[in-house]
Amino acid sequence: MSEPRVWGRICSCSVEEIPRARQWTREILRDHPCLADAELVVSELTTNALTHTDSGSHLGVFHISLTLSRAGVSISVTDAGSITAPHRAGATAGATRGRGLEIVTILAHRLHVTGNAYGRTVTAELATPTLGEHEDDHAPMTREATR
């Protein structure tokens, strides 16, 4: 594949969108080596959009995009914003919540957060296992300039 390929999907504020987003990811990536990690990242980022941002409010929406290139898969979820920026919660051992962004950080080659209280995009880049595995492996989350 010489050019990146991009897919997008707009989702409503319904929790039913999470399994739909996972299925959509499976259909696009089928036999790709990043499929399992991408599906988990999509699940975590869409759950965060619904749980922690205005995308989960009545009539809220969020957007998912998948970009597939030779280097890997890029997953972006754009939400309706929140006064609290995405952050790793640092869940305790017995906690049943609060590990989503930590999981994404572990799986992603790079993680970027852009935007502000009116809308943010969280992008996780997954490296194709045969390319770029040893360069900046599991780089920490960075915040890009706000829009």
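Cysteine 11 is buried, with a relative accessibility of 1%, where buried means under 20% relative accessible area, exposed over 50% and partly exposed in between, for a 1.4 Å probe and protein chains only. Cysteine 13, at 28% relative accessibility, counts as partly exposed. The model is predicted, so local features need pLDDT of at least 70 and side-chain atom pairs count only at pLDDT 80 or more, while totals for chains, interfaces and linings use all residues. Residues are numbered from 1 along each chain as its sequence is written, and side-chain values use heavy atoms, with hydrogens and water left out.

- The structure holds zero disulfides, a disulfide being a pair of cysteine sulfur atoms within 2.5 Å.

- Leucine 45 is in contact (heavy atoms within 4.5 Å) with Ile75, Val77, Leu101, Val104 and Val122, leaving aside residues up to four places away in sequence.

**Helix H1**
- The buried residues of H1 include Ile18, Trp24 and Leu29.
- Seen down the axis of H1, its buried residues fall within an arc of 120° (taken from the directions from the helix axis to the C-beta atoms), so they line one face of the helix.
- Among the elements that cover these buried residues are H2 and S3.

Methods. Helices (H or I, at least four residues) and strands (E, at least two) are DSSP runs, numbered from the N terminus.
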